[in-house]
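The following note is intended for a colleague who is meeting this structure for the first time. Please read the numbered points alongside the sequence and the model.

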Amino acid sequence: MTDNRMEKIVSLAKRRGFIFPGSEIYGGLAGTWDYGPLGVELKNNLKREFWRTLVYDREDTVGLDAAIMMNPKVWEGSGHTQAFSDPLVECKTCHERFRADHPEEIEEHAAGHTKKKEPVSWTEPRQFNLLVEAKLGAVEGEKTTVYLRGEITQGVHVNFKNIIDSMHRKLPFGVVQVGKAFRNEITPGNFTFRSREFEQMELQYYMKPDERSAKEVFDYWKKERMRWYVSLGMNAGHLRFREHEEDEKAHYARAAWDIEYESPIGWKEMEGIHHRGDWDLSRHSQFSTVDLTYFDEEIKERYAPWVIETSGGVDRALLFFLLDAYSEQEDKGKIRVVLKLHPKLAPCKAAVFPLVANKPQLVEKARKIYSDLKKHMVVAWDDRGNIGKRYYAQDEIGTPHCITIDYQTLEDDTVTVRDRDTMKQDRVVVETLSSYLESKE
Ligand code: GAP
């Protein structure tokens, strides 16, 4: 596959209603994106699979949905007001700002000035805090500055005591959350890869402090998260682990590994697995003066639990799933674009076509099948143009099955079901359609 896959995905995403630039008719807002009718289905499917695997399929986790805006002291306690920053340099010629730790972007910018015979010089690097501020309150002049959460994590840790008190959980256990996070990124870009508003899917796994068990739990979650991506169809050959260098680690991390994806813009972080130790609970105990230690009934001791976290980006995973699924095939002298998305992720599970649009009996029968199926799954309807074109249009958005209602349907109540990947067609009894499609997931 060629290196222009990213441009192709950006174009397909806009043209077919997956992802649009945020506030586009007003000239956009850098680092923001809107998910269109197909994008929101894909995103919901991804988040649902995450929730299913991490909450419903397990006995040692619970879910949570905390507020985006939090008391500003939370971010002092968590260390983000002090340490959540990236090094920034400014071009003295045009005042554009860049991340000092992204040399390739700096070189590219400098080359542009050199080409125009302009001077190139940079300010000294300085730390730039990534928290996004908002003003809250009804009275002008008395408004409080709050931060939109820079990571969804802190909503979990400030609720540790509430979860223990209400759910009576014993260690070890995990808290799962999915939701928006906001970062004032210096250089948003590469489509949704680095945005200023994005979604995270996380697990905070609380455990008794012990280095050997922490290593086991850490290794378990590394493997488990890698397994999840592969189980949803991501090519294992495009995935790898990478350990953070000492100077790369976030302020809270004792150990940090990324799951990286080999994308057209290089190997890039998709999810981070972090050993946060007792950083969060101890700091919040100290800053809030509320005791967040855990009483261990077995050993009759109190301690601050350790946390192993796994933190994925929903938007990044979605982008990488799209890139990974994109394929072009020669078909009768034409290029057939197929998004080979796993059926669990595909925005539409099936499309329904009457063979021709001008035969009322066929259309009526097809409409009935469409509306019956729609009660069980997301289904598309298409009666435009010839069947071949309709197949192509569904292949491009990753619809796993196309159902055609033809003259035989009127005789024996069967339809053809065409498989996106093999292009093979099965004859299926209408009554069994939804179980047939579900069995293919
Ligand atoms: N709670 C830990 C945490 O937030 P992180 O490595 O800063 O760790 C976790 O972020 C994940 O969130 C990343 O692996 C990435 O997938 C996603 N992410 C972070 N910054 C992002 C951004 N600016 N745009 C899109 N996704 C981002």
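1. Basis of the note. This is a predicted model, in which local features need pLDDT of at least 70 and side-chain atom pairs count only at pLDDT 80 or more, while totals for chains, interfaces and linings use all residues. Residues are numbered from 1 along each chain as its sequence is written, and side-chain values use heavy atoms, with hydrogens and water left out.

2. Overall form. The protein chain contains 14 helices and 24 strands; these are DSSP runs numbered from the N terminus, helices being H or I of at least four residues and strands E of at least two. The C-alpha trace spans about 75 × 70 × 50 Å along its principal axes. Of the 441 residues, 50% are buried (buried means under 20% relative accessible area, exposed over 50%, and partly exposed in between, with a 1.4 Å probe and protein chains only). Among contacts with a separation of 6 or more, 66% are between residues 24 or more positions apart (a contact means heavy atoms within 4.5 Å).

3. Domains. The chain is divided into domain 1 (5-70 + 147-323) and domain 2 (348-439), with bounds that come from an automatic or database domain assignment. Their centres, taken over C-alpha atoms, are separated by 38 Å.

4. Interface between the domains. Seven residues of domain 1 are in contact with six residues of domain 2. The two domains bury about 540 Å² between them, 53% of it on carbon and sulfur atoms; buried area is the accessible area (1.4 Å probe) that two parts lose on being put together, summed over both. In domain 1, Arg16, Leu38 and Glu41 lose the most area to domain 2, together 60% of what that side buries.

5. Polar links across the interface. Three residue pairs are in polar contact between domain 1 and domain 2, both residues being at pLDDT 80 or more. A polar contact is a pair of N or O atoms within 3.5 Å; within protein, one must be able to donate a hydrogen and the other to accept it, and residues adjacent in sequence count only if both atoms are side-chain atoms. On the side of domain 1 that touches domain 2, α1 (5-15) and α2 (37-56) each supply at least two residues, and α2 gives the largest share, three residues.

6. Salt bridges at glutamate 396. The count between the domains is two salt bridges (a side-chain nitrogen of Lys or Arg within 4 Å of a carboxyl oxygen of Asp or Glu). Arginine 16 forms a salt bridge with glutamate 396, with the closest N and O atoms 2.9 Å apart. Arginine 15 also forms a salt bridge with glutamate 396, at 3.0 Å. This latter pair links distant parts of the chain, arginine 15 in helix α1 and glutamate 396 in helix α12 (residues 387-396), 381 residues apart. Glutamate 396 is buried, at 14% relative accessible area.

7. Other salt bridges. The structure holds 39 salt bridges. Arginine 420 and aspartate 421 meet in one at 2.7 Å, N to O; arginine 420 is buried at 3%, whereas aspartate 421 is partly exposed at 37%.

8. Threonine 187. Where does threonine 187 lie? Its place is in the loop between β10 (173-182) and β11 (197-207). Threonine 187 is buried, with a relative accessible area of 14%, and its side chain makes a polar contact with the side chain of glutamate 105 (3.4 Å).
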